[in-house]
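This report describes a few local features of the structure shown below, taking surface charge, the chain contact and the backbone in turn.

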Amino acid sequence: MAELAFESMSVALESTRGTLVTPPTHILNMKGMITPMEDVFDPDDQLGVLAGQTREEIVGKHGEWEAEGSADVTKLPVLFNMALAPVTTGVVPGRPVLSIAVTAGGSGYSGTITAAITGGGGVGATATVTRTGDAASAVTVVNGGQYYTTAPTVTLSGDGTGATATATLVTAPSTAKIWEFVRVMTAQTLKTGTFYWGDPNQKMYQGAYGFVDNMSFDADASGTDDVKMSVSGATQYPDDIASPTLPALSLGPLLMPRRMQLWMDSSLAIGATAITGRLVSANMDIPTGVTPKNLATGPTGGLGYDHLGMAKVTPEMHLVFEMVDQTQYLLFKAGTDMKIRIRFNGAVIEGVFYNYLEFDIYGKLRDLSWGEMEGTNRTVEFTVRGNYNAGPASDLVARVMNSSATL
Amino acid sequence: MKIARYYAEQKNADGAHYPGVPQRDLTEEEFKALPEWIRNSIDGAPPESRMYYKSARSAKPADSEAEAVEEVIEVVVAEPDNPEGVEE
């Protein structure tokens with residue numbers, strides 16, 4: 001058999017779970033394969049002979065698939081539809097604060113005037129106020145924050161009165177889209193997909209009723225790899241088929257670990273407090289809880305799984321920090337409930353909008369482990385097990401920013 | 001060389017491609033030399049993601065729309081019962 005030069009995995013989301021869809025709509029740009037699996041029963045017959053096995057029966061058939069490669073923001077929405085939540089439309093993202101203008105300087109101010117920025121649906125914007133004489137004369141944005149959908153309220157405070165200001169957001173992007181996946185907690189709504197694997201020049205294999213059972217992401221700023229992703233799941237027993245038509249290949253920008261951003265908050269909203277100058281690596285492990293159910297189907301029923309169920313599972317984030325101070329250790333020691341946002345950035349889309357993959361998770365820093373890294377102080381590692389949080393009503397939120405108009 | 005498939009660059013903002021297929025017009029010889037599954041994939045692409053077309057006009061939708069409008073106008077002008085070309 002010739003070299004499988006164009007071995008690839010592709011998928012099409014099934015509009016009805018378990019109903020095969022052809023042809024595939026998305027090539028996953030990942031190395032992977034679908035392996036046919038058979039559950040075989042061999043009874044312990046006693047025939048008075050030395051043969052260890054006398055008969056066998058195939059009692060179940062399914063396919064197992066796995067794939068790994070670069071995390072790709074153009075393909076993640078399809079996979080997250082099977083792993084986290086059904087979301088088929090990207091929306092215009094919220095924006096940072098661009099500027100704040102003083103609308104009234106007020107009077108009677110002799111000390112520092114502070115600016116509190118609230119509302120607007122976003123988080124993290126901060127600003128300083130310039131006082132000239134006894135009035136506010138200017139407000140300078142220090143951090144534009146993120147995800148504001150409307151201009152936040154700016155409140156100027158000090159020992160005087162009457163100073164007011166208004167905020168202006170960055171112009172909405174024309175191309176960038178954000179896809180938000182809040183991991184489903186109460187409904188069986190994850191999509192299934194028909195998976196395709198093989199080399200269309202040689203042979204293709206097709207497995208319907210495919211689901212994702214685990215996704216993981218690895219990013220190491222101390223290394224040279226991009227952000228890696230591995231995905232696994234199962235399908236019905238794969239059929240060998242004639243090559244279907246395949247969609248064109250498109251590659252998303254590489255997400256580079258050294259462009260990671262991390263926010264850790266306890267009392268403030270998630271995304272308010274950036275952690276800089278210490279993040280070495282991050283790993284996300286996301287079990288989906290999707291499990292196949294094998295039920296009796298009568299003498300003519302198939303041997304594949306009949307339904308899918310959902311089990312309770314817990315996503316985990318693993319963080320490695322250079323130990324430049326005691327900050328993270330003290331949070332661990334205090335058992336503080338944390339709200340953590342990690343963002344894996346790629347190339348710019350337009351203006352201040354970048355391709356990225358982001359996760360929000362809630363939990364304590366646990367399982368402390370000391371490590372070493374060449375060229376640094378000692379490293380300290382923690383695991384965060386995602387807790388259910390009433391804010392998003394979930395234990396994990398994922399967001400993908402890309403320039404894709406469609407799924 | 002006769003062109004078999006015209007490439008619509010303006011419809012491919014994502015830079016998608018078929019393996020081994022250049023992102024430009026394809027000659028008859030080039031198209032015939034492609035594996036059957038790639039030829040089928042190129043011609044079977046859904047309208048929203050199609051990049052290669054059999055006609056030059058179809059590959060340039062802005063021009064083809066303008067030409068289509070011109071054609072409508074010509075039909076209106078040409079109607080024998082409507083010599084003034086006024087829309088009814």
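Predicted model: local features only at pLDDT ≥ 70, side-chain atom pairs only at ≥ 80, totals over all residues.

## A negative surface patch

Two strands of chain A, strand 3 (31-41) and strand 4 (57-70), each contribute at least two residues to the negative patch. Strand 4 of chain A gives the most, supplying three residues, and Glu68(A) is located in that strand.

## The contact between chain B and chain A

Eleven residues from chain B and twelve residues from chain A take part in the contact. Between them the two chains bury about 920 Å², of which 63% lies on carbon and sulfur atoms. On the chain B side, the residues that lose the most area to chain A are Asp14(B), His17(B) and Trp37(B), which together account for 55% of what that side buries.

How many salt bridges does the rule find across the interface of chain B and chain A? The count is zero, with the rule requiring a side-chain nitrogen of Lys or Arg within 4 Å of a carboxyl oxygen of Asp or Glu.

## Two backbone features in loops of chain A

Most peptide bonds are trans, and most residues other than glycine have a negative phi. Against that background, the peptide bond joining Thr22(A) and Pro23(A) is cis, with omega at about 0°; Pro23(A) sits in the loop between strand 1 (8-13) and strand 2 (26-27) of chain A.

Tyr147(A), although not a glycine, has a positive phi of about 70°, and its place is in the loop that runs between strand 8 (135-146) and strand 9 (153-157) of chain A.

Conventions. Residues numbered from 1 in each chain as written. Chains lettered and ligands numbered in written order. Heavy atoms only, no water. Helix = DSSP H or I, 4+ residues; strand = E, 2+ residues; numbered from the N terminus. Contact = heavy atoms within 4.5 Å. Buried area = accessible area lost by both parts, 1.4 Å probe.
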